[in-house]
Amino acid sequence: MKHKIKGLSGSRPTVSFRCDHCHGGLMASLREAGQSTDCPTCGATIAVPGERELAEWTRHRADEERAADQKKAELGQTSELWCSNLEALAWYVREDVRKRSDAADIQDGRIQKNDQRAANRSWSIDMAGTLIVAAIASLMAFIALPLLIQIERNTRATPAAPQEPP
Ligand SMILES: [Zn+2]
């Protein structure tokens, strides 16, 4: 009995054959090969041919599925690797940002401390200047002023020479 297989590379191969009794043309799924079917023309029960091809197709199909599964697994591993890499990158970025912000805080603290120190220093300078001015003023008041008064008194004490009429 001659039969023809079609679509062996696909997922739904078919087998075409002729009825043993009426020689009418029939077509069935290759998956039904080896099973018995009723001829739609004469009604006789006949076996669907193509068992050998079905076995080959099944083997080929299994190989393809295994390869596809392997590829999927590899892809999964790759995507997992990518995910873990991305996670690592995200962690690194977070850590970097945290460190940077910490550093900025520390720097801010230093700047604030420096500002405070500078303010303290300028206040001390102002205070020192004021004290020096006050000291000089006191010195003037206690020493220079009596001296000036004395000089003034002395000049007043010495009478001016009487002016001789010409
Ligand atoms: Zn038939």
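The model is predicted. Followed along the sequence, the elements come in the pattern β-β-β-β-β-α.

**Overall dimensions**

Keep everything selected and turn the model. Along the principal axes, the C-alpha atoms fill a box of roughly 185 × 30 × 25 Å. The radius of gyration is 58 Å, whereas a compact globule of 166 residues would have one near 15 Å. Of the 166 residues, 5% count as buried. Among the contacts with a separation of 6 or more, 21% are between residues 24 or more positions apart.

Next, colour by pLDDT. The average over the protein is 86, and 94% of the residues score at least 70. Which element has the highest mean pLDDT, and which the lowest? The highest belongs to β2, at 96, and the lowest to α1, at 84.

**The sheet**

Select β1, β2 and β3. These three strands form an open sheet in the order β1-β2-β3, with antiparallel pairing. The edges are taken by β1 (3-6) and β3; each has a single partner strand, so one side of each is left without a neighbour in the sheet. On average, neighbouring strands of this sheet are turned by 20 degrees against each other, direction ignored.

How many bridges join β2 to β3? There are five, and the two strands run antiparallel. Two residue pairs can be picked out here. Phe17 has Leu26 in β3 as its bridge partner. Ser16 is paired in a bridge with Met27 of β3.

**The loop at His23**

Move to His23, in the loop between β2 and β3 (25-29). The hairpin of these strands has six residues between them. What stands out in the backbone of His23? Phi of His23 is near 60 degrees, a positive value in a residue other than glycine. Most residues other than glycine have a negative phi. Is His23 buried or exposed? His23 is exposed, because it has 10 other C-beta atoms within 10 Å.

**The nonpolar core**

Select Val15, Phe17, Leu30, Ala33, Val48, Leu54 and Trp57 and show their side chains. These seven residues make up the largest nonpolar core. Two elements give two or more residues to this core: β2 (14-18) and α1 (51-157). Phe17, already met as the bridge partner of Leu26, is one of the core residues. In soluble globular proteins, nonpolar side chains tend to be buried together.

Stay with Val48 and display what surrounds this residue. Which residues does Val48 contact, leaving aside its neighbours within four places in sequence? They are Val15, Ala28, Glu32, Ala33, Gly34, Gln35 and Thr37. Val15 and Ala33, both in this list, are core members as well.

**The helix at His60**

For the last stop, select α1 and go to His60, which is found in this helix. His60 is exposed, because 12 other C-beta atoms lie within 10 Å, and a residue counts as exposed at 12 or fewer. His60 and Ser9 are 51 residues apart in sequence, and their C-alpha atoms are 9.0 Å apart in space.

Definitions and conventions:
Residues are numbered from 1 along each chain as its sequence is written. This is a predicted model: local features need pLDDT of at least 70, side-chain atom pairs count only at pLDDT 80 or more; totals for chains, interfaces and linings use all residues. A nonpolar core is a set of buried Ala, Val, Leu, Ile, Met, Phe, Trp, Tyr and Cys residues joined through C-beta atoms within 7 Å. A residue is buried if 20 or more other C-beta atoms lie within 10 Å of its own, exposed if 12 or fewer, and partly exposed in between; C-beta atoms are placed from the backbone. Helices (H or I, at least four residues) and strands (E, at least two) are DSSP runs, numbered from the N terminus. Two residues are in contact if their C-beta atoms, placed from the backbone, lie within 7 Å. The radius of gyration is taken over C-alpha atoms; the globule rule is 2.2 Å times the number of residues to the power 0.38. Two strands pair if DSSP finds at least two bridges between them. Axes are lines fitted to C-alpha atoms, for helices over the stretch in contact, and angles run from 0 to 180 degrees between N-to-C directions. pLDDT is the predictor's confidence in each residue, from 0 to 100.
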